[in-house]
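Grab a pencil and work through these exercises with the structure open beside you. Each task comes with a solution that goes step by step.

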Amino acid sequence: MAAQKINEAHDHIAKAEKCLKTSLTKWKPDFDSAASEYAKAAVCFKNAKQYEQAADAYLKEAEYQTENKTLFHAAKAIEQAGMMMKEQKKMPEAIDLIEKACMMYMENGTPDTAAMALDRAGKLIEPINLEKAVDLYQKAAGVFENEDRLRQAVEMLGKASRLLVRLRRLDEASVAVLKEKNMYKDIENFPMCFKKTTVQVLIHLHRADYVAADKCVRESYSLPGYSGSEDSVAMETLLQGYDEQDEDQVYRVCNSPLLKYMDNDYAKLALSLRVPGGGTKKKKAAAAPQGGAGGAPAEDEDDYEGGLC
């Protein structure tokens with residue numbers, strides 16, 4: 001079966017080369033037919049699991065589609081060549097080709113297709129290169145945003161934000177989540193704004209910036225329905241516990257279903273949050289008589305020194 005498909009592929013390549021020849025009666029190469037034959041050859045190689053030859057055939061198709069000024073089909077062929085690189089475990093080459101295809105989609109005036117290709121590329125590279133995945137998702141978000149497709153843009157931003165948190169690039173994550181929140185506000189999805197406020201608070205507390213965390217909650221009271229919501233009550237309780245160094249209160253909020261069942265990267269932020277300076281133990285130490293057992297409070301404080309995880 002594989003040998004038969006490989007033979008078919010070579011037949012299509014021979015036909016393609018014939019289409020490109022000129023003569024006294026045929027002055028111009030037939031790029032359209034050549035591209036079609038290379039496309040058929042690529043499929044045959046793909047079915048025979050000859051991925052390197054399939055990639056070469058797709059790139060040849062793209063070359064002649066470009067000569068024929070059919071940019072959309074050229075971009076599709078380049079994207080397919082990228083997928084053949086993926087099959088060979090050549091991920092950087094695969095992503096390079098998909099990004100090249102995206103540029104061609106943009107040039108062709110089909111930005112939505114470009115953004116969706118960037119999203120696919122992000123998913124492909126995410127298991128091995130989170131930084132590159134962030135870049136691709138952010139590019140996809142930018143393309144969707146330029147097209148006023150905010151729902152798709154915010155979905156891409158959300159993927160980038162989660163990965164920034166996983167990478168512990170928390171300053172960038174705080175900026176990305178704020179942008180998400182503002183987009184949800186623009187499309188009037190206020191329940192998602194509430195969730196993003198919770199994420200903001202967790203990020204800022206991990207950055208040891210209580211003031212910024214508190215400000216996020218205060219500003220969110222201008223959102224319809226936030227005041228008195230489950231989200232606002234949880235954040236007020238969390239901030240109070242954090243400010244008063246009440247480790248038990250912070251633990252209860254962070255282990256509540258509201259936070260525990262968020263996206264995994266954010267749930268981990270909640271579960272790893274610690275109050276600075278020693279939490280509950282420090283409170284007990286502060287309550288101890290000042291005169292006697294002077295060494296004990298210092299020991300307790302040292303045990304918890306270092307603040308947030």
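**Exercise 1. Find the volume of the largest pocket, then describe its lining by position and by class.**

Solution. Keep in mind that you're looking at a predicted model.
- Step 1: the largest pocket comes out at about 160 Å³.
- Step 2: count the lining, and you get 14 residues. Nearest the centre of the pocket sit M192, K195, K196, D263 and Y266.
- Step 3: look at which helices contribute. α8 (150-166), α9 (170-186) and α10 (190-206) each put at least two residues into the lining.
- Step 4: sort the lining by class. Seven of its residues are nonpolar, six are charged and one is polar.

**Exercise 2. Work out which residues have the most contacts inside the largest nonpolar core, then list what L238 touches.**

Solution. 
- Step 1: the largest nonpolar core holds 94 residues.
- Step 2: the ones with the most contacts inside this core are V201, L202, I203, L205, M235, L238 and L259.
- Step 3: zoom in on L238, skipping anything up to four places away in sequence. What's left is V201, L202, L205, V250, V253, C254 and L273.

**Exercise 3. Is K5 buried or exposed, and what does K5 contact?**

Solution. 
- Step 1: check the accessibility. The relative accessible area of K5 is 17%, and the cut-off for buried is under 20%, so K5 counts as buried.
- Step 2: leave out neighbours within four places in sequence, and K5 contacts C44, N47 and A48.

**Exercise 4. Classify the ring pairs F31–Y64 and F72–Y105.**

Solution. 
- Step 1: the structure has six aromatic pairs in total.
- Step 2: for F31 and Y64, the ring centres are 6.0 Å apart and the planes sit at 15°. Planes under 30 degrees apart count as stacked, so that's what this pair is.
- Step 3: F31 is in helix α2 (residues 31-47) and Y64 in helix α3 (residues 51-67), so the pair ties together parts 33 residues apart in sequence. Both F31 and Y64 are buried.
- Step 4: for F72 and Y105, the centres are 5.5 Å apart with the planes at 55°, so call this pair tilted. The pair links F72 in helix α4 (residues 71-87) to Y105 in helix α5 (residues 91-108), 33 residues apart.
- Step 5: F72 is partly exposed at 26% relative accessibility, whereas Y105 is buried at 0%.
- Step 6: finally, look for a cluster; ring pairs join F31, Y38 and Y64 into one.

Note on methods
Residues are numbered from 1 along each chain as its sequence is written. This is a predicted model: local features need pLDDT of at least 70, side-chain atom pairs count only at pLDDT 80 or more; totals for chains, interfaces and linings use all residues. Side-chain values use heavy atoms; hydrogens and water are left out. On a 1 Å grid over the protein atoms alone, a cavity is a set of points where a 1.4 Å probe fits but cannot get out, and a pocket is an open set with protein on both sides within 12 Å along at least five of seven lines; lining residues have an atom within 4 Å of a point. Grid points are joined across faces, edges and corners, and a volume is the space filled by probe spheres set on the points. Helices (H or I, at least four residues) and strands (E, at least two) are DSSP runs, numbered from the N terminus. Ala, Val, Leu, Ile, Met, Phe, Trp, Tyr, Cys and Pro count as nonpolar, Asp, Glu, Lys and Arg as charged, and the others, Gly among them, as polar. A nonpolar core is a set of buried Ala, Val, Leu, Ile, Met, Phe, Trp, Tyr and Cys residues joined through side-chain atoms within 4.5 Å. Buried means under 20% relative accessible area, exposed over 50%, partly exposed in between (1.4 Å probe, protein chains only). Contact means heavy atoms within 4.5 Å. Rings of Phe, Tyr and Trp (its six-membered ring) pair if their centres lie within 6.5 Å; planes under 30 degrees apart count as stacked, over 60 as edge-to-face and the rest as tilted.
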